[in-house]
Amino acid sequence: MKCPHCASTSYRKNGHRKGKQNYLCKNCGKQFLESVSPHPEANELMTDITGHSEISVVLENQSITENTTAKSTASFSLSLLEELLQNILSNGWLESPLVSQVIKKIQQPIEDRTDVAETGISLILLDVENLKINIDIETFLASICKYPLKVKIGFANWKNPSIGKQDIDLYERGYQLVHVPDGKDSADAKMMTVGANILRYYPNVKEILVCSGDTILKHLCNELLNQGLTVYWVRRQAQILHIENCNNRQSIFYSLPLTMEIPSLEDVVQKIENLIKSEQESIETKLNNLVAIANLFQERCHLELHNDNSVKLEKTEPLTQTPHSPTTSPTCQELNSQIDLEKLLLEIIQNIYIKSPKTKLSVSKLGTELQRRCGQSPNSIIKKLKLGSSFIKFLQSSPLFTLKANGKEYEVTASKNQSLGCFNS
């Protein structure tokens with residue numbers, strides 16, 4: 001109980017008033033009745049100067065309350081009920097701070113119990129005399145598990161000189177070291193004994209890694225499966241660590257010399273396919289760049305391509321001499337208009353598809369064939385005839401041709417409603 005004026009807990013009895021115990025506050029000097037705080041908290045129990053504890057005060061209050069008349073009790077209960085109903089039926093009572101605090105106090109223990117129930121751990125049972133696990137392998141095994149690796153137990157005859165200083169290393173890495181006497185399969189027997197009763201010691205364990213190549217431990221794996229645990233059987237095969245999931249029979253392999261996981265055959269095939277595809281795209285891009293550079297080089301240096309694929313550099317005559325007309329190969333076709341160009345392109349497309357019906361003709365290949373026929377690059381011909389800025393833009397604007405994107409290239413075909421007959425007349 002506290003003083004209603006200054007909230008001090010230091011007070012003493014000061015007679016009775018109106019049939020109730022009266023108190024005098026030592027801090028502020030004011031008096032108050034015990035009805036001010038009818039429900040004192042347990043941590044506020046104090047002893048006053050008269051030697052009476054607050055428990056005795058509560059008992060005295062209880063006796064006084066029992067002496068009240070039935071009418072006053074009924075009136076008090078009715079008023080309290082009306083107040084509670086008013087609070088419950090009022091608007092927004094669920095959003096009141098008091099209700100929110102009560103709900104939080106109820107929810108918190110439930111959430112705590114739920115978190116404890118859902119929390120799980122992984123555990124290692126290691127036959128140290130059969131399998132050596134360094135920190136890299138342990139980290140890899142922990143990455144396989146769904147739950148955090150919290151408990152690690154190693155079994156061995158630690159007096160065996162062949163173990164060396166593994167006990168020091170394992171101890172520093174947080175292993176519980178279980179000693180077994182010298183004898184055949186002593187460590188296996190101890191592992192089976194401890195493992196079969198592991199839920200008694202660690203009830204929240206969900207996954208267990210049984211690390212040993214001894215086939216007798218297969219019985220332990222089966223027992224742990226029957227207890228509803230996820231079991232990994234870890235054993236060594238030459239330089240490969242074999243991790244078998246006993247629940248679904250799936251296996252993971254780990255290279256001990258390379259300290260890395262060995263991918264499955266499907267992953268290897270997929271990576272090879274991705275590399276081949278990437279290399280093909282790179283080669284195609286380089287070829288396209290090379291064709292563009294060759295065309296640009298020819299335009300700048302006035303190169304002439306002949307049917308025998310030989311390259312001849314034009315010689316510029318001195319200014320004092322009479323300028324000669326550019327020499328053209330007898331086999332080069334003259335293109336004087338858009339119709340001539342379209343006719344030649346349709347002819348090239350038709351000849352290619354007659355020879356190879358299934359061929360996918362790209363714009364670069366069509367341009368190469370046009371250059372072979374005319375002795376000039378496609379872009380030079382387009383600019384000469386004033387048909388646009390580039391060969392590919394001319395093809396896109398012409399209704400006689402259809403372009404279809406194929407990766408980084410364009411595949412060109414003659415429009416279905418076009419034929420060469422219209423140009424043969």
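**Note on the predicted model**

1. The protein chain exposes about 27800 Å², and carbon and sulfur atoms supply 55% of that area. The model is a predicted one, and what follows should be read on that basis. Of the 425 residues in the protein chain, 31% are buried.

2. The secondary structure of the protein chain comes to 14 helices and 15 strands. Among the contacts in the protein chain with a separation of 6 or more, 51% are between residues 24 or more positions apart.

3. Helix 6 spans residues 186-196, and its buried residues are Ser 186, Ala 187, Asp 188, Met 191, Val 194 and Gly 195. Strand 4 (121-127) and strand 5 (149-156) are among the elements that cover them. The cover also includes helix 7 (198-201), strand 7 (205-211) and helix 8 (218-226).

4. Leu 220, Cys 221 and Leu 224 are buried. Why do they belong to the same side of helix 8? They cover an arc of only 100° around the axis, which puts them on one and the same side.

5. Just after helix 8, Gly 228 takes a positive phi of about 85°.

6. There are four aromatic pairs by the rule applied here. In one of them, the rings of Tyr 11 and Phe 32 have their centres 5.9 Å apart and their planes at 80°; planes over 60 degrees apart count as edge-to-face, so this pair is edge-to-face. Tyr 11 lies in strand 1 (residues 11-17) and Phe 32 in strand 3 (residues 31-33), so the pair ties together parts that are 21 residues apart in sequence. Both Tyr 11 and Phe 32 are buried. Together with Tyr 23, Tyr 11 and Phe 32 form one aromatic cluster.

7. On the surface, Val 268, Ile 272 and Ile 276 form a nonpolar patch, with about 240 Å² of accessible area together. Val 268 belongs to helix 9 (residues 265-301). Is Val 268 exposed or partly exposed? Its relative accessibility is 32%, so Val 268 counts as partly exposed; the range for that class lies between 20% and 50%.

8. Ala 7 has a positive phi of about 65°. Ala 7 sits in the segment before strand 1 and is partly exposed, with a relative accessible area of 48%.

9. Lys 386 is the other case, with a positive phi of about 55° although it is not a glycine. Where is Lys 386 found? The residue is in the loop between helix 12 (378-384) and helix 13 (391-397). With a relative accessibility of 76%, Lys 386 counts as exposed.

Technical notes: Residues numbered from 1 in each chain as written. Predicted model: local features only at pLDDT ≥ 70, side-chain atom pairs only at ≥ 80, totals over all residues. Heavy atoms only, no water. Buried < 20%, exposed > 50% of the residue type's maximum accessible area, 1.4 Å probe, protein only. Helix = DSSP H or I, 4+ residues; strand = E, 2+ residues; numbered from the N terminus. Contact = heavy atoms within 4.5 Å. Arc of directions from axis to C-beta. Patch = residues over 30% accessible without salt bridge, like charges linked within 9 Å, V, L, I, M, F, W, Y side chains within 5 Å. Areas by Shrake-Rupley, 256 points an atom, 1.4 Å probe, with all protein chains shown as cover. Salt bridge = Lys/Arg side-chain N within 4 Å of Asp/Glu carboxyl O. Phe/Tyr/Trp six-rings, centres within 6.5 Å; stacked < 30°, edge-to-face > 60°.
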